[in-house]
Amino acid sequence: MCIGDCSGDVSVTIDETLETVTIALGNASPSDCAAADADHDGRVTVDEILTAVYNALHGCAPL
Ligand SMILES: [Ca+2]
């Protein structure tokens, strides 16, 4: 699974990174982007945002 890859195309775009941040701020539901919630605890935390940003910059590696 590629963290932050909302659309499932194995790349993380800026739009998807923003979606991840929006969920973390509580302004969107985690179900809007299941890939943002790496540990499936129903919350998007700072480490998950950082992972999504890293994936956006460096490409997505399988975990
Ligand atoms: Ca989480």
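Leucine 50 counts as partly exposed, because it has 13 C-beta neighbours inside 10 Å. A buried residue would need 20 or more. Leucine 50 sits in helix H2. The model described here is predicted.

Leucine 50 and isoleucine 3 are 47 residues apart in sequence. In space, their C-alpha atoms are 9.6 Å apart. Isoleucine 3 has contacts of its own beyond its neighbours within four places in sequence. These partners are Ala35, Ala38, Glu48, Thr51, Ala52 and Asn55.

## Overall shape

The chain has 2 helices and 0 strands. Its radius of gyration is 10 Å, close to the 11 Å that the globule rule gives for 63 residues, so the chain is as compact as a globular protein of that length. The C-alpha trace spans about 25 × 20 × 20 Å along its principal axes.

Residues 24 or more positions apart supply 50% of the contacts with a separation of 6 or more.

## The two helices

Helix H1 covers residues 14–24, and helix H2 covers residues 46–58. They pack at an angle of about 175°. Their axes are 9 Å apart. An angle over 145 degrees counts as roughly antiparallel, so H1 and H2 are roughly antiparallel to each other.

Which residues make the contact? H1 contributes Ile14, Thr17, Thr20, Val21 and Ala24. H2 contributes Glu48, Ile49, Ala52, Val53 and Ala56. By type, the residues of this contact divide into 7 nonpolar, 2 polar and 1 charged.

## The nonpolar core

Of the 63 residues of the chain, 35% count as buried. The largest nonpolar core has 12 residues.

Valine 10 has a positive phi of about 60°, although it is not a glycine. Valine 10 lies in the segment before H1. It is partly exposed, with 13 other C-beta atoms within 10 Å.

Histidine 40 is not a glycine either, and has a positive phi of about 60°. Where is histidine 40? Its place is in the loop between H1 and H2. Histidine 40 counts as exposed, because it has 9 C-beta neighbours inside 10 Å. The cut-off for exposed is 12 or fewer.

Notes:
Residues numbered from 1 in each chain as written. Predicted model: local features only at pLDDT ≥ 70, side-chain atom pairs only at ≥ 80, totals over all residues. Helix = DSSP H or I, 4+ residues; strand = E, 2+ residues; numbered from the N terminus. Rg over C-alpha atoms; globule rule 2.2 N^0.38 Å. Contact = placed C-beta atoms within 7 Å. Core = buried A, V, L, I, M, F, W, Y, C linked by C-beta atoms within 7 Å. Axes fitted to C-alpha atoms, helices over the stretch in contact; angles between N-to-C directions. Parallel < 35°, antiparallel > 145°, perpendicular 65-115°, else oblique. Nonpolar A, V, L, I, M, F, W, Y, C, P; charged D, E, K, R; others polar.
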